[in-house]
Amino acid sequence: MHHHSNPTLVGTVGGTFLSIVPNLNSEDIIRTVVLATIGAVVSFSISILLKYFSKKRKK
């Protein structure tokens with residue numbers, strides 16, 4: 001496997017990351033984690049419900 005480094009890409013990603021980090025506070029990170037968790041639970045629950053109703057309908 002060949003791995004090529006692209007200095008422009010690395011510089012752009014690094015600069016973007018370093019410009020975002022000072023603007024983040026712990027409240028934003030916590031809110032993001034909570035919303036992602038809620039989204040994952042809701043998505044999983046809906047998938048299970050749809051699977052249940054799909055099997056029930058086939059009978």
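Arg31 and Asp28 sit 3 residues apart in helix 2, so about one helical turn separates them. Helices here are DSSP runs of H or I with at least four residues, strands are runs of E with at least two, and both are numbered from the N terminus. The two residues form a salt bridge, with the closest N and O atoms 3.3 Å apart. A salt bridge is counted when a side-chain nitrogen of Lys or Arg lies within 4 Å of a carboxyl oxygen of Asp or Glu.

This is a predicted model, in which local features need pLDDT of at least 70 and side-chain atom pairs count only at pLDDT 80 or more, while totals for chains, interfaces and linings use all residues. Residues are numbered from 1 along each chain as its sequence is written, and side-chain values use heavy atoms, with hydrogens and water left out.

Arg31 also meets the side chain of Glu27 in a salt bridge, at 3.6 Å from N to O. Glu27 and Arg31 are both in helix 2 and lie 4 residues apart, about one turn of the helix. The search of the whole structure finds 2 salt bridges. Side chains of opposite charge can pair when their charged atoms come close.

Glu27 is exposed because its relative accessibility is 54%. Arg31, at 43%, counts as partly exposed, and Asp28 is partly exposed with a relative accessible area of 28%.

Helix 2 spans residues 26-58 and also holds Ile30. Ile30 has a relative accessible area of 54% and is therefore exposed. Ile30 belongs to a nonpolar surface patch of about 980 Å², whose other members include Val34, Leu35, Tyr52 and Phe53. Patches take residues with over 30% relative accessible area and no salt bridge, joining like charges within 9 Å and nonpolar side chains (Val, Leu, Ile, Met, Phe, Trp, Tyr) within 5 Å.

For the protein chain as a whole, the secondary structure comes to 2 helices and 0 strands. Of its 59 residues, 0% are buried. The accessible surface is about 5,900 Å², and carbon and sulfur atoms account for 69% of it. Accessible areas come from the Shrake-Rupley method with a 1.4 Å probe, and for residues only the protein chains shown count as cover.

Notes. Buried < 20%, exposed > 50% of the residue type's maximum accessible area, 1.4 Å probe, protein only.
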